[in-house]
Amino acid sequence: MVTIIVGAQWGDEGKGKIVDVLAERADIVARYQGGANAGHTLVVEGKTIVLHLIPSGILHPHVQCVIGNGVVLDPVALRQEIAMLDAMGISVRGRLFISHKAHVIMPYHKLLDAAREQHQGIGTTGRGIGPAYIDKYSRVGIRVVDLLDRRVLEEKLRTNLAEKNALLEKIYGAERLDVEQIVAEYLEFDRYIDEFVTDTSALLHNALREGKQILAEGAQGALLDVDHGTYPFVTSSNPTSGGACTGLGIPPTAVARIIGLAKAYSTRVGNGPFPTELHDETGELLRRLGNEYGATTGRARRCGWLDLVALRYSVMINGITELALTKLDVLGKLSSFKVCTGYRLGNQPLKSFPADARTLDTVEPEYIELEGWQSSLDAAHTIEELPAQARQLVRLIEDYCEVRVSLISTGAERHQIVRRT
Ligand code: GDP
């Protein structure tokens, strides 16, 4: 059975922690899209661990981890992450499986990403993810399987570099790259990853046949989806639940649950519309209380109120069957807080989440205000043990989005969780 974990907002909803908690009862955790631009932060027994590529399930010794075909693989980041885990005494050997169909990030992807970002200003992390996906869809990408054969690799690189070097030199004024050097570097990488590479779709299908539990983990969030997000201020893949099927090679019929992660307020990294953004000291306070700084880039996240219009849209496009609400402890530190329950465009109420970023940029959010509880949630492990105001918020979300909140995270640690049966 497959359970998909999808960020229901703009990412950074706390997927790392929720996947880590759910991995206790899973056999496999499989990442289906994105690259090393996403950072999942986990706090285990006071120690902070940041993972970018390897699924958060790796911290559970019984769990196998898959990097699916939908992910773009950064050799440098992967090696760094394996070394970091090794240093912590966590071995990935025999537990990490990388799809032979995953695309590999090449040095020119990173250079082009940085150069294009200066022109476009989308707010990408400059790690080559976008250009690697461009090559995937232009059908010139280099996949893990291509590293197996020196001749194939060289040929593909020569074709790519003919174009990329011209772009780098003539348009972006950067230096040319050398084929031989890249070939040597990536053949060495191939030897390194060899033990991890396999047909991960077959592995997942066998696991399904054996009745195993698979958690499919996305990166970023649904509102950054290249198809359904706030285009063009989006990521270059599909974090929405559909991406789990294409990004892992598993059938939609194998999916039993889709858990949407929503933070009790909203954050967004990079540019793009954000109707409930707070530009005042309350936004600053949320940033400080929630430690809203990027795990990968250290960038300050934009902060604002929970947006139920956007969340309901996300529930719809992902087919979310239950919600996990995170960072409730942070919101409760405020004496009062707001929740957006509608948009207006001029005098007109908007019936749906607009497809156009410019429209979304001009909508007026409508809010209801709730009282904070300003007390610790540490002792709460059932919904009844939460303060009345917190329960009121949960009810509001459930009524508005027409989906149950089944998990509530009340802190960064594993044990700070309310599970509803
Ligand atoms: P992800 O990419 O969705 O995993 O999100 P990040 O890891 O970037 O951001 C989540 C941050 O919030 C991490 O630092 C977590 O340790 C922390 N976190 C997760 N859940 C909670 C929670 O319920 N309360 C608090 N205070 N922190 C949390």
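**Close-up views of helix packing and aromatic pairs**

**View 1. Helix α5 passes helix α6 in a right-handed crossing.** The model shown here and in the other views is predicted. Helix α5 spans residues 150–171 and helix α6 residues 179–193; their axes come within 10 Å and cross at roughly 135°. That angle makes α5 oblique to α6, since an angle has to be over 145 degrees to count as roughly antiparallel. On the α5 side, the contact is formed by Arg150, Leu153, Glu154, Leu157, Arg158 and Leu161. These residues meet Val179, Glu180, Ile182, Val183, Tyr186 and Leu187 of α6. Sorted by class, the contact of α5 with α6 holds eight nonpolar and four charged residues, with no polar ones.

**View 2. Helix α2 packs on α6 in a left-handed crossing.** The axes of α2 (residues 75–87) and α6 come within 11 Å, at a crossing angle of roughly 40°. The two helices are therefore oblique to each other; the limit for roughly parallel is under 35 degrees. From α2, the residues in contact are Pro75, Leu78, Arg79 and Ile82. Their partners in α6 are Tyr186, Glu188, Phe189, Tyr192 and Ile193. This contact of α2 with α6 has seven nonpolar residues, two charged and no polar.

**View 3. Helix α10 crosses helix α13 in a right-handed sense.** Here the axes of α10 (residues 308–318) and α13 (residues 388–401) come within 9 Å and cross at roughly 55°. α10 is thus oblique to α13. Leu308, Val309, Leu311, Arg312 and Val315 of α10 meet Leu396, Ile397, Tyr400 and Cys401 of α13. The contact of α10 with α13 contains eight nonpolar residues, one charged residue and no polar residue.

**View 4. Trp10 and Phe274 form a tilted aromatic pair.** The model has six aromatic pairs by the ring-centre criterion. In the pair of Trp10 with Phe274, the ring centres are 5.2 Å apart and the planes stand at 50°, so the pair is tilted. Trp10 is in the loop between β1 (2–7) and α1 (15–23), and Phe274 is in the loop between β12 (266–268) and α9 (281–289). The pair therefore ties together parts that are 264 residues apart in sequence. Both Trp10 and Phe274 are buried.

**View 5. Tyr313, Tyr343 and Phe353 are linked by ring pairs into a cluster.** The pair of Tyr343 and Phe353 is tilted, at 6.4 Å centre to centre and 40° between the planes. Tyr343 belongs to strand β16 (residues 336–345), while Phe353 lies in the loop between β17 (348–349) and α12 (357–362). The parts tied together by this pair are ten residues apart in sequence. Tyr343 has a relative accessible area of 1% and is buried. Phe353, at 10% relative accessibility, also counts as buried, because the cut-off for buried is under 20%.

View 6. Helix α4 covers residues 129–138. Its buried residues are Ile129, Gly130, Pro131, Ala132, Tyr133 and Asp135.

Technical notes: Residues numbered from 1 in each chain as written. Predicted model: local features only at pLDDT ≥ 70, side-chain atom pairs only at ≥ 80, totals over all residues. Heavy atoms only, no water. Axes fitted to C-alpha atoms, helices over the stretch in contact; angles between N-to-C directions. Helix = DSSP H or I, 4+ residues; strand = E, 2+ residues; numbered from the N terminus. Parallel < 35°, antiparallel > 145°, perpendicular 65-115°, else oblique. Left-handed = near helix turned anticlockwise from the far one by under 90°. Contact = heavy atoms within 4.5 Å. Nonpolar A, V, L, I, M, F, W, Y, C, P; charged D, E, K, R; others polar. Phe/Tyr/Trp six-rings, centres within 6.5 Å; stacked < 30°, edge-to-face > 60°. Buried < 20%, exposed > 50% of the residue type's maximum accessible area, 1.4 Å probe, protein only.
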